[in-house]
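Hi,

Here is the structure I promised to pass on. Have a look at it first, and then read my notes below.

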Amino acid sequence: MNLLQVNVWKGAETGAFRTFEVPRQASQTVLDVVTYIQRSLDPSLAYRFACRVGMCGSCAMTVNGVARWTCRTHVDAVAVDGRLEIAPLANLPVVRDLVADMRSFFDKWAKARGQFKGARTRKDPFEPISPQSPERRAVDAAIECIGCGVCYASCDTVTWNPDYLGPAALNRAWTLQQDARDTGKAERLRAVAGDGGCHACHTHVSCSERCPKHISPTEGIAGLKRAAAKAALRGTL
Amino acid sequence: MTARSETLLWIGQRASAAVLALCVVVHLATMIHAVQGGLSAAEILGRTRGSAGWFAFYAVFVLAVSVHAPIGLRAVLGEWLGWRGRSRDLALIAFAVVLAGFGLRAVFGVFGAPA
């Protein structure tokens, strides 16, 4: 039988890799491998998943040193000489085994004012938004984020500066800054232009390179920098 | 630091980078052109002293360095050494003053009025 050698992180912040042998299957995903290990080899293995089809964003892990969504990552595409190394996402505390603590990641979305703030009530008519408008197109390019944390785990600036809001939170802020209906833009721009905000980004582009949804947070962050610069020069920041 | 201050520092670094890109090209091209055939220090000073245009050019060059380098160093100190807050910014203001001081002293020496 064709076997895959899989090193899996066991423990929390301190721990060690443990090696498992997993039968190779056609079209096998990394999540399939982790599930096999938990169901057949080590029932104590902790990991997180939900939808299995690339929608929920909960199964991201570090696979052979690179953050990936495991449910949509085929073993054939990432195994090197029949070996896999699976670890929890980087730049986040480890709860146990392959489960990263996502609190700081999502807390930063709130810190970046990632909530929509509108003025209309349900009794008002819809705001007409042209699908062709530049703002709506910018939103379209960035809105499909599933909050998997792959960009955050791949970002060198997050590693070096724990206060940095990170690509996902800034990408979310960028979509809201482009939303004609949103009324919290001035406050949000102040939130993302301060310490640990958009100016901390060094444009390494790891987030855009690794995003499984092919979003480019780098572009959004650059847009936030431009918007902050204009506001600062106008004296409105 | 406020959002406005952070943003002004970012603008300062980008604007000084644009100035430096031009200054470095002009500086290198002039150096390469001027030393063709060899020049002594006395010959160099003979040509440079009293030149108001080059004085202004190198004064701008030095001031752009004094703006650009401390802002870049600010990120390096924060990310690599974890040095943040007021003490870092005061140290970098001192660093900027030292850079500008030594740089302008050299500019005066090379491009100032002939002795």
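A term to start with: helices (H or I, at least four residues) and strands (E, at least two) are DSSP runs, numbered from the N terminus. With that, chain B reads α-α-α-α along its sequence.

Some housekeeping before the rest. The model is predicted, so local features need pLDDT of at least 70 and side-chain atom pairs count only at pLDDT 80 or more, while totals for chains, interfaces and linings use all residues. Residues are numbered from 1 along each chain as its sequence is written, and chains are lettered from A and ligands numbered from 1 in the order in which they are written.

**Chain B**

Chain B has four helices and zero strands. Its C-alpha atoms fill a box of roughly 50 × 25 × 25 Å along the principal axes. The radius of gyration (taken over C-alpha atoms) is 17 Å for chain B. A compact globule of 115 residues would come out near 13 Å, by a rule of 2.2 Å times the number of residues to the power 0.38.

How much of chain B is buried? The share is 13% of its 115 residues. Here a residue is buried if 20 or more other C-beta atoms lie within 10 Å of its own, exposed if 12 or fewer, and partly exposed in between, with C-beta atoms placed from the backbone.

I also looked at contacts, meaning two residues whose C-beta atoms, placed from the backbone, lie within 7 Å. Among the contacts in chain B with a separation of 6 or more, 83% are between residues 24 or more positions apart.

One helix pair in chain B is worth a look on your screen. Helix 1 and helix 3 of chain B pack with their axes 8 Å apart, at an angle of about 135 degrees. Axes here are lines fitted to C-alpha atoms, for helices over the stretch in contact, and angles run from 0 to 180 degrees between N-to-C directions. Helix 1 and helix 3 of chain B are therefore oblique to each other, because angles under 35 degrees count as roughly parallel, over 145 as roughly antiparallel, 65 to 115 as roughly perpendicular and the rest as oblique. Their crossing is left-handed, which is the word used if the near helix is turned anticlockwise from the far one by less than a right angle (right-handed if clockwise).

Where they meet, helix 1 of chain B brings residues including Leu9(B), Ser16(B), Leu20(B) and His27(B), and helix 3 of chain B brings residues including Val60(B), Phe61(B), His68(B) and Ile71(B). The residues of this contact divide into 11 nonpolar, six polar and no charged. In this scheme Ala, Val, Leu, Ile, Met, Phe, Trp, Tyr, Cys and Pro count as nonpolar, Asp, Glu, Lys and Arg as charged, and the others, Gly among them, as polar.

**Where the chains touch**

On this side, 12 residues of chain B are in contact with 13 residues of chain A. Helix 1 (3-34) and helix 3 (52-80) of chain B are the elements that give two or more residues to the side of chain B that touches chain A. Helix 1 of chain B has the largest share, seven residues. By type, that side of chain B divides into six nonpolar, three polar and three charged residues.

**Chain A**

Chain A has 10 helices and seven strands, and its C-alpha atoms fill a box of roughly 65 × 40 × 30 Å along the principal axes. Of its 237 residues, 41% are buried. For contacts in chain A between residues at least 6 apart in sequence, 64% join residues at least 24 apart.

Helix 7 (residues 167-177) and helix 8 (residues 185-193) of chain A pack at about 155 degrees, axes 10 Å apart, and are therefore roughly antiparallel. Among the residues that meet are Leu170(A) and Ala173(A) in helix 7 of chain A and Leu189(A) and Val192(A) in helix 8 of chain A. This contact has five nonpolar, one polar and two charged residues.

Helix 8 of chain A also packs against helix 10 (residues 217-234) of chain A, at an angle of about 110 degrees, which makes the two roughly perpendicular. Leu189(A), Val192(A) and Ala193(A) in helix 8 of chain A meet Leu224(A), Ala227(A), Ala228(A) and Ala231(A) in helix 10 of chain A. That contact divides into seven nonpolar, no polar and no charged residues.

Last, Glu144(A) sits in the loop between helix 4 (134-142) and helix 5 (150-154) of chain A. Is Glu144(A) buried or exposed? Glu144(A) counts as exposed, because there are 11 C-beta neighbours inside 10 Å. Leaving out residues up to four places away in sequence, Glu144(A) touches Lys213(A) and Ile215(A).

Cheers
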